[in-house]
Every structure is written in C-alpha cells, then in structure tokens.
Amino acid sequence: MTRTASGEAEPMAAASSAQTTFDSLDPRTGEVVGRYPLHDATEVNEIVESARVAGRWWAELGFAERKKRLDQWRALLVRGIDELAGVICSETGKPLDDARLELVLVIDHLHWAANKAEKVLRRRKVGSGVLMANQAATVEYVPFGVVGVIGPWNYPAFTPMGSIAYALAAGNSVVFKPSELTPGVGRWLVDSFAEVVPEHPVLALTTGFGETGAALCASGVDKVAFTGSTATGKRVMAACSETLTPVLVECGGKDALIVDSDADLKAAAEAAVWGGMSNAGQTCIGVERVFVVEAVADRFLELVAERAKKLRPGGEPGADLGPITMPSQVEVIRRHVDEALDGGARAVVGGKDSVRPPFVEPVVLVDVPAGSAAAVDETFGPTLVVERVRDADEGVERANQGNYGLGGTVFSRSRGVELGRKLRAGMVAVNSVIAFAAVPALPFGGVGDSGFGRIHGEDGLREFARPQSMTRTKFRIPLNPMSFARSKGTVRAVVRLIRLTRGR
Ligand code: NDP
C-alpha cells in the first residue's frame, strides 16, 4: 500500500507478489533503486527485543562514551554527505543540492544533541523548599529504553533524525521505520551508525508499509516518535493508547506568511517562493498561505510572480524543483488547484496545466474561495494561496483560524516579533523563512492538528527521557509531620511556618 499525505491508502504497484519484499522506486523515472524486506509483526518484535538489550548497553555507556560514538558517526556522515545525498535524490527525486542541504542540517543537529545531552539531562540539584530543608533534592533524565521512530519521505534524513539523534544522545536505542518510499535512506543511516557502534544494534531498521509502522507501535517500545500526516498520527496515537505508550506526534501544517505594509517586499517575496516551492512544496513547515496587507499587495504579487515563473521542475540534479515524490499526492494538488479555480480563484502563476505528473510547476492563486481545500488543507505542492488583508493583525487573525499550527512567518520592519508572538504556531520566523529548523537549540513542533511534543533543543532531548526525582535526607529534624510519631504540636508548627513564609 502507499498513501496520500492525508493518509488515504491505495495499492502500491511496486510491491512484489509474494509480499515479503517491496521495491523502492526513483520517482523521476519509475526505476527500481532498491528492494527491502516487508517486516511483519513477528519480525518487528524480534528487532525491538534485540534493541532492548542494545539499549541497556548503550545507556550504561554513559554520556561521554555515547558522545564519542555520536561524534564519530557525525564525522562519517560528513564524509558520506555526497553518497547519502545521492540515495536521497534517487528515492525522493529532489535536486542534489537540496539533499546536501538537508544533510548539513542533520549533521549540525547531531553535533548539538551529542554535545548538550549531558548538560541537559544529567543529575542536578534543585532547591528543596522551606518544608523539606533537611532534604537534598535532585532530578535526572533517564532514557526510556527503546524508542520507535516512524518517519515520512519528504525529508527522509532530516525529519527522522530530529528524533533519532536526540533519542540516541539521551541514551535510548532506536528502531527506525522509514517511509516505504525512502527505505534506502533509512538503511544508509543505520548501516553507517553500525560502523561506529558495531557491538549492538543500538540503531536498528525495520522496513515495510503502514502495517509495519503499526506493528512497531504495538511492539512494546517505550516511546513512539511519529512524523507524518495528521490522519496517520491519530492512528498511531490510538494504537499507542492500548499500551499507554507515550507518543510524540509531528504532523502536517498549513503555514502562513504575513506581509506587513512596511516589509522588505523583495525579501518577503523571495521567502514566500522559497518557503512555498522549495522541495516542490513538500515541506511540513512550507509556506502554503500568504496574507499580504492590501497597500503593498500588488507590488508583492508582482515580485512573487516574477520569481515563481522562473522556476523549472525537472529530474536533473540541477533542477529548481524535483518531482512530487508520492504519486498519489499529485492528485491532491490537482484537486486543490482545480477546485479553487472552478470556485472563482485566479492563477497569477501557472494554472490547471501546471500539474504534469510526476512534476508540478509553480502555481500562485489569488481570490481563493474561503473554506476551499487550497485555503485550509495541506496541499504539499509548489503552490501559494495569496490573500489580501486590511492590516497585519487581520493576517494573524486569519492565519490563526486554521486547525494546524506548525510554523509561521512574518515580514515586518517594525512589528515582526510582536506579530509573531500572536501566531498560534510552534515556531515563527521573522524576516526570514524556515530559519528555526536550522537552529538546533530551538524546539520544533506544533499545536492543534500539527501534533504535540518537541524534537530539537533541550526540550527535544527531554522528550526522549523521563525525569526521575530524588530526595535524600541530609539530617533528621525534630519536627517531622509525616510520621505517626509526630507530636500534637508538629502540624501546628508547620502551619505557622507556612503562614509566615507563604501567607503574604
Ligand atoms: P504518512 O502519515 O503517510 O506516513 C508517515 C509514516 O507513518 C510512514 O513511515 C508510514 O509508512 C507510517 N505509517 C502509515 N500508516 C501507519 C500506521 N497505521 N501506524 C504506524 N505507522 C504508519 O506521511 P507521509 O510519509 O506521507 O509524510 C507526509 C506528511 O508528513 C505530511 O503531512 C507532512 O506535513 C508531514 N510531515 C511533518 C513534519 C513535522 O515535523 N511536523 C515533517 C515532515 C513531514 P508508509 O510510508 O510505509 O505508509
């Protein structure tokens, strides 16, 4: 089976008839670029069991030794950047430099996670408070054990590595289920990790379709980190609820870019086009909607159109945009564009003919009917819906009306941060686009239909560890209210103390 970004299933032509393996295809040509096992639940459980043993060993290595291994892995990724970028290109079709850029971000995040894990997660003292002054209080963040990571195909290295790198740095083993469209990228990551950690399968791979992902959720892993569509995220959460397995759910988005009247319009147009159309629009934090203040809307649209018209999709490594990786997504894009145009929208760039499978040429729409799919649902193609607003505040209000809340962008010289803080979004870029994803210290994740939990940053490390709190008695105190041996006056004395210290 293969899926649309909204999670609908359809038959997958590339599956072999015996259904014990499946093929990975180059979306530009349909050529088979790899064959992978279709793991069933029994095989998934075996992989998880081995990872459990590996996880205990990995946790016991401690921060310093894990950092050493993760640094070695990073060096290996740096040396292999072109090779892995080639695998990404062959499975997603994206331009080679886009794949390289994806890996640059992976490497920087891995560096950050390995370096910061000890500082963020190690045992540390906390204040013991007025009532427990005789106690030494500490908290440390201990690994869960085995983390199941389920990844999408659009950034097949960057997206899952946001969980994998941080989960490993926190001391967990990881079983990774890549998208059925990009198993080769998963294989490469896992094999390269095994070169620096040959002792145990600390990072293990399981391959297959959605059923394999479902089996991973039910396998008894200690946490599931899912990135993918909202529809599948709900299924993952439902499956995990059976065993109270904690989940991190990173789903889709319908991110907005707000252009204020005092914005640098050239920069805003550049950002809208890159944010909406790079990776052929297949970016969870891609710009899908633009709200531009009426006073500057004509000029902004001119600048956007000028830039978008120049972009050419193609299969060659130097093309501006690659193909739509998942064949069924082309129909979603077609439906969004057609419905909008049939409902009265106008195409400033492209139009119905822009959809030429497996490629989609840039499309910029205005006057899109409110509530139409192109305005509210994730399109996941190189399209922009541009809407005029009275002022930037109306833009923020309209942006906040959707169900998604992943990222957001504001272009404004005077009010960028103020407007950004009002956006209902997990991450905001002011006067740039998508920048937050490249800052390892910043947590990444959304609200509403975009999911919950965070990868990246200190929160991303803590997402893969559970706090263990501890108190240790430093000395005995005469007034112990938590004992049957307490005297009548003890609680009264404690109440007096709390009145004195907390009564004002
Ligand atoms: P899907 O939801 O279709 O699939 C995601 C992963 O889940 C795949 O590995 C898939 O396997 C697996 N899966 C499918 N069914 C199940 C199931 N029942 N139980 C467990 N796992 C299952 O998403 P896509 O791969 O199509 O990715 C695109 C989506 O991802 C977009 O909505 C995009 O916005 C979102 N995304 C979100 C990001 C974020 O950080 N918030 C980042 C990147 C993408 P298989 O492929 O074999 O079906």
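**Ground rules.** I number residues from 1 along each chain as its sequence is written, and side-chain values use heavy atoms, with hydrogens and water left out. The model is predicted, so I ask for pLDDT of at least 70 for local features and 80 or more for side-chain atom pairs, while totals for chains, interfaces and linings use all residues.

**Cysteines.** I searched the whole structure for disulfides (a pair of cysteine sulfur atoms within 2.5 Å) and found zero. Cys 89 is in none, and its nearest cysteine sulfur, that of Cys 284, lies 19 Å away. I then looked up burial (buried is under 20% relative accessible area, exposed over 50%, partly exposed in between, with a 1.4 Å probe and protein chains only). Cys 89 is buried at 6% relative accessibility.

**H2 on H3.** I take helices (H or I, at least four residues) and strands (E, at least two) as DSSP runs numbered from the N terminus. Axes are lines fitted to C-alpha atoms, for helices over the stretch in contact, and angles run from 0 to 180 degrees between N-to-C directions. Helix H2 (residues 81-92) packs on helix H3 (residues 96-121) at about 120°, with axes 9 Å apart. That makes the pair oblique (under 35 degrees is roughly parallel, over 145 roughly antiparallel, 65 to 115 roughly perpendicular, the rest oblique). I looked up contacts too (heavy atoms within 4.5 Å). H2 brings residues including Ile 81, Leu 84, Ile 88 and Cys 89, and H3 brings residues including Leu 96, Leu 103 and Ile 107. The contact residues divide into ten nonpolar, one polar and three charged. I count Ala, Val, Leu, Ile, Met, Phe, Trp, Tyr, Cys and Pro as nonpolar, Asp, Glu, Lys and Arg as charged, and the others, Gly among them, as polar.

**H1 on H3.** Helix H1 (residues 41-79) also meets H3, with the axes coming within 9 Å and crossing at roughly 175°. That makes H1 roughly antiparallel to H3. Among the residues in contact are Phe 63, Leu 70, Trp 73 and Leu 77 of H1, and Ile 107, Leu 110, His 111 and Leu 121 of H3. The tally is eleven nonpolar, two polar and four charged.

**Backbone.** Where is the cis peptide bond with omega near 5°? I found it from Pro 357 to Pro 358. Pro 358 sits in the loop between strand E15 (355-356) and strand E16 (359-360). Leu 244 has a positive phi, near 50°, without being a glycine. Its loop runs between helix H7 (230-241) and strand E11 (247-250). Leu 244 is exposed at 75%. Ala 280, not a glycine, has a positive phi of about 55°. I place Ala 280 in the loop between helix H8 (265-277) and strand E13 (287-293). Ala 280 is buried at 1%.

**Ala 374.** I find Ala 374 in helix H11 (residues 373-376). Ala 374 is buried, at 4%. Leaving aside neighbours within four places in sequence, Ala 374 touches Lys 254, His 336, Ala 340, Val 368, Thr 379 and Val 385. The C-alpha atoms of Ala 374 and Trp 58 are 47 Å apart.
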